[in-house]
Amino acid sequence: MAGRSRIVPGVLASFEHIDAATDAIKALRAGGHKDLVVYCSHPNHELEEALEAPVSPVRLFTLIGGLTGTTAATAMTIWMNLDWPTLVGGKAIAAIPAFVAIMFELTVLIGGLASVAGVIILVLMGTRRGVMYDPRFSDDRIGVFVPAGGEVAPGVERLFRDAGAVEVRHAEA
Amino acid sequence: MADDASNPSPIDRRRFLSVLGISGAGAAVLSGCSTGQVQKLIPYLVQSEDQIPGVATWYASTCSECAAGCGLHVKTREGRAVKLEGNPEHPVNRGKLCSRGQAALQGLYNPGRLKAPMVRAAGGGFQEITWDDAIQRLAAKLGAAGGKVAVISGAGRGTLSDLLADWTAALGGRLVRYRPFDHEPMRAANRAVFGRDELPAHDFGRAEYILSFGADFLETWLAPVENQRGFARSHGFHDGRMAKHVSFAPRMSLTGQNADEWHAIRPGSEAALALALANLLVTEHGAAGGPLAASLAAFTPESAAKESGVPAETIRRIAREFAAAKPSLAVAGGVASQHRGAIEACAAVNVLNWVAGNIGQTVLFGADLDAGDGAAGLDALGSALDGGQVAVLLVHEANPLYAVPRSAGFAARFAKAGFKVSTSPYLDETAAQCDLLLPDHHGIERWDDARPRAGVVGLMQPVMEPVFKTMATGDLLLKTAQKVGGALAKFNAPSYEAHLKARWADFAKAQGQADAEGFWRAGLQRGGVFTEPPAVEVKPVPGFTPAYTAPGFDGTGEFYFAPHVSSFLYDGRGANKPWLLENPDPVSKITWQSWVEVHPATAARLDVRNGEILRLTSPQGSIDVPVYVYPGLHPDVLSVPLGLGHTEYGSYAKGRGVNALDLVASKAGQPFVPYLSARVTVAKTGTYRKLASTEGNPRQLGRGIAEAMPVALAAKGLSVREAAAAEGHAEGEANPEREVEALKGWAAEVHERTRKGDYARELPQWGMTIDLAKCTGCSACVTACYAENNIPTVGEDEIHRGREMTWMRIERYWEGADPASPNGGAVEARFVPMLCQQCADAPCEPVCPVYAAYHTADGLNGQVYNRCVGTRYCANNCPYKVRYFNWYKYNDHAWPEPLNLQLNPDVTVRARGVMEKCTFCVQRIRGAQNQARLEGRPLKDGVFTTACAQACPSDAIVFGDLNDPQSRVRQASQDHRGYHVLEELNTRPAITYLAKVTNRTEA
Amino acid sequence: MAVLAHEPVITQTHADVTRDVVATLEKPSTGYVLLFFGAVGLFLVGALTLLILVKDGLGHAGYQPPIFWSVYITTFVFWIGIGHAGTLISAILYLFRSPWRTAVYRSTEAMTVFAVMTAALFPIIHIGRQWLFYWLLPYPNQRFLWPNFKSPLLWDVFAITTYFTVSTTFLVYGLVPDVAAVRDKVGGWRKLVYKFASAGWLGTDNQWRHYSRAYLYLAALATPLVLSVHSVVSWDFAMALVPGWHGTIFAPYFVAGAIYSGLGMVMTLVIPLRRALKLEHMITKYHFDNLAKLTLLTGSILFYAYGMEYFIAWYSGNTFEQTTFFRRAFGPYWWAGWTMITCNAFVSQLLWFKKIRTNLTALFVVSIFINIGMWFERYVIIVSSLSNDFIPWAWDGLNPTWADWGILAGSFGWFGMWFLLFARTFPIVAIQEIKEMIPLPRRRGGQH
């Protein structure tokens, strides 16, 4: 990915040890570097704690999606029955109990799809392009990237080394 | 969908235009006009005032499917006959029609019809020739015959028969009027007892007590439709009473199944029973024995019991009841009991009737029902043939090479005729042996009249352009006469129509009518001229003494072989009509097959089961036929239906089933064919053939589907459940009392809902009642439904898989002893016509995902064929199982050309993959409503009805508007005998069944 | 995580996990290829049968009124049921934080998707005019005819569509990070494919934050969904009048049965799979032990349901119900009835023994019995109930034909085809979740 779009200048360190990575993150945040990109092959709670990330707002999408489903189903079933009222088996034209199943299914359907849509939107909004990446991050390494070019970079590199990074690379604009 | 609604094999355009044009040329609603012959085809450029496309035109005519001569109304659409119904004005059938009569339509459009005259080619096959050529050839042969001419004619009494007689006489030839079932023994007996060689009429309607000695009067005996109408009137429950019907017969025919008591007698013992009863009447019940009293004394109940196997005390009881009922009626005869002692049996029954004072009351001499010369006539002709006395033999409306038992050796004698000519419209067994085929018009394509009995003259008129290049035999005779000249020259009428009108002019004179033309037109309109024949007083001829000698049987087999007449196939002429083959036999419920009926005890002894093929061997021959275990049989009797086993007669009949006549002994010199005269041995073949039966489980399992109550309780006006309680039966109701109330409340609430929105208007609620006390299970309604609703016949293989499409079916449940048990004979048959119940809260409707099944505003279960996608959920959810699915493209195979011309244009032909069902003939309902709207009058009760109700000879079915307080159906539905099938499901059916009433003396 | 409370399940490093799983995607063995083409062959048999059915009509199948539904609906319910175990393991057990699901859930989830894919074909195959199936959908047609939402079949349409969509989403969603991992291991054209499939996944903190959260909600939605779907399917029957269908017990009874059959199928699939893909050290006896326990539970629920059906039939005093259930045990379909009871109620009870729960051969045999038993359960419920309902005169039996078996075989082919294809193309074990359970190395050593 890096290199295709405009490259973000900064320092990328990769760690083998989780505690090393968390130490580095904590130190960086203490040093004012709040804007970090941390790579990991799996959702890791220690990293989340170190980053003190807020809870994802995706649940809003789920909620709204679900409610939309319910209303849509209710409206559809009742309106369609009234639009062409046909009598069957002596049942009421708009027999609500019979429609509950459909209301439920649409709630789940739209709720689920909305959540996924939410993730996509949120991720796209929060992702910065052109950040350095290393294939081993999806394997067994943890990566931490600091968008700090120029004179700040050496300090950051030193910090990483002290924390125990196994490798540190620089990205120039 | 292309395959929706479209006629499976559309009529080709030219034929369509032709029929259109022709009928345009001059047809009239029940008017004296006829289609006549067309000179050129004209499409409807100029609208003829009496032919409106889309509106049916009706013609009166006469049925020629049997000797009864019922009146017809022929419904034509755009110049095609599409349905046959009874003529309400006709005294014989009063607007009703049996299955055979209705199926005549499939004879008209039969794919097996000969399409043109043909002559035997050198190669042996037939080759088509022109009519001129054909007539030339016939004339030449006749000219050369030098009087050595013979004619076999099965035509009923009428102008054509007269012409045929004169024509033959003029040629110096001999005419034999031959029908297979000619009731010779009855006539012989009447000659012997009363000195009258005739068949009397019988008034079942007035009889309080009916004794049947093997006469299947509801099926094929004399005038079945008339009999059934009368039977329903007397034996149907009305104002607290009903006649009693006791049947003595070796086999429980449909008539026997409708008896309150059926006694399985030893074959041939009818006379002994009848005379014993007569004797008891005279000695114990004060009947006037007159000259016969003395000779009767010899016939004691005990001797009769010994002969027949009916206990003496039963005979005494029946004598007591019989004597108490006035007037009563005893009947005998018919093919099923035509053994060597048949004349004595009929004579004995004459005596019984005379002693009981029924002669002139319910037995009406002077009616002189139509009958031919019978087997004797054919036998005489046989010897002429042997003597080489026949140079030209003309066969008309007869098929002796099939109907005469092989043992009579008639085929060999027939072959001795020099030149053999057939006028049969079909290539039947006889025609196949002829040298010249001159196919006649079908009965409703030609002019003629019929005199089935004194006082009744029915007219037949061509209602449409002939389907094929055939010629009315009347015209043929006249044309040939002109060619031959000489003695025949006097037959110089320009056409048979002219000849007929001339005869009618004479008739008008005889009737003292000045205006012959008016008389003629009136006759055409009414369907004939009907007068009351003068009754004739008869009394026993001096010197007559009743007698009984146990009839002899050929062979030494352990079983009596009792062939019976199928009420559909009759003398075999039904075998080429798919309706009659597919409509389940009313007794056995088997289709498309032959079977042999075996008593359960006998079956157990022989260790045979349904479908196992037995070989029956009599001195005359042997047949292999699958077993049907049937409780309604004397254990020593095996019974096989007649009418199948054709070797010719079209693709439907050819090679289907076996011909029971092969086992029958028929020797030269005897006055009639003793059908019941052979003893057979049985041998297992170890092979099986699945019975094409529509019978599921024949027991009701206490589900209250076919309810009944004794007349005593019915007279008290009890309901079905009250009657059951009174009899101390646990009620069949699945819901306990406490639930019923709750259900009622709920039902009312649901009913409110059913009247929402579009449905709130005050509309008719179509309903039906079926009176099981009248229904005889004859299945005429089923045939009518096939005809009206374009129901496809699916054939034997599909019926094996339970896929028959009968929108209306007759369910036959056994009550009483288990048919499988040795005493299975003691069973009661109950019939339930089962069709869509048009439930108000129909389970089939809400489950349809696409609203193909829905409720109409006037209370029908609509079925939108075009919308149906075929989930079949509705059929699963229908408790009555009256929905039928198109598993294949049945519409492609059911109506091979030209059968498709019969299709009712008002009804969609259903595509493959859709569900279909009865909708109370919705096309008739809408038609009548539109008519009423056009004429700005309200739709009155009874101006129209469904096809089944229209056809029902018993008038058991009543259809109409339940919201109309005056309607017949409303009245009937409130009868105390009324009940709904599976009421506890709360489907609220629109059909109310009236429980059967049984008139049994608990002995 | 709660998992640490348990015995450590897996004893490898993250690198091993990635390596081993990616290894499953390398060149297929001949055995696999044969199996795959076998499946394709079966599928073609089914396709050909369907072709004939559409051409001539359903008559070729053994339908014999009053049995208007038979083998096709049986097989439909069978496949729908199979799906349920997948969702149960991947969603419900996720909410319960049950550790043993991790190793197997990907394969079961795939099974779910393909099973539903198979089942979804049957409502179309079995109708009389297959080409008009879309009339069941509420689309604005020329006459504005809408479908009948009161019909349980409509509920089916919605339930199945939803179930298929949601379970597919769930599967694909879970796959994304793993595909990214594969992307970073392989080269050549395959890299391009996986790169596309990974949708730009990098595993940044931002991505994980939203991803994990949404995963939780998806699981939370899928859980009631899976329960609803088979309830709706059961209502196809329970809403009808047919004796033997018309029972209030049906929804829970069917759901239990569905999960039971699904677990059976999971074992049938995963036992050979783990050997073929050399995943023995990831999918261990520990997992099967737990699967078997769940099977035992659902099997016992079925046992109870069967008993209860008979009890109610007797207790209700309803003659129709009584006849139906008497004939189910002693009527013409006694053999099917007893097959169902033996395979489901009795065989499941073997799982009380740990020896059997931990013996894979035994488990495999049991699982086969379960599959057969559950197919017959539906066969009995549908065919034997329809064969003898209210009107005795209409009673008849069923004679299945080549057309029935052809479609049945085809459905297995269709399912196997997709499943095998999937197992070869995507990580059949969830890399990221396994890793989540393996503590990362620490400089200072020890756990936190």
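A: Two residues are in contact when heavy atoms lie within 4.5 Å. This is a predicted model, where local features need pLDDT of at least 70, side-chain atom pairs count only at pLDDT 80 or more, and totals for chains, interfaces and linings use all residues. Residues are numbered from 1 along each chain as its sequence is written, chains are lettered from A and ligands numbered from 1 in the order written, and side-chain values use heavy atoms, with hydrogens and water left out.

Q: What share of the contacts in chain B with a separation of 6 or more joins residues 24 or more positions apart?

A: In chain B that share is 74%.

Q: Why does the radius of gyration of chain B agree with a compact globule?

A: The radius is taken over C-alpha atoms, and the globule rule is 2.2 Å times the number of residues to the power 0.38. For 1003 residues a compact globule would have a radius near 30 Å, and chain B has 28 Å, so the two agree. Along the principal axes, the C-alpha atoms of chain B fill a box of roughly 90 × 80 × 65 Å.

Q: How much of chain B is buried?

A: Buried means under 20% relative accessible area (1.4 Å probe, protein chains only). In chain B, 66% of the 1003 residues are buried.

Q: How is the size of an interface given?

A: Often as the accessible area lost when the parts come together. Here, with a 1.4 Å probe and summed over both parts, chain C and chain B bury about 4,700 Å², with 58% from carbon and sulfur atoms. On the chain C side, C:F68, C:R129 and C:W393 lose the most area to chain B, together 21% of what that side buries. The contacts involve 55 residues of chain C and 63 residues of chain B.

Key. Buried < 20%, exposed > 50% of the residue type's maximum accessible area, 1.4 Å probe, protein only. Buried area = accessible area lost by both parts, 1.4 Å probe.
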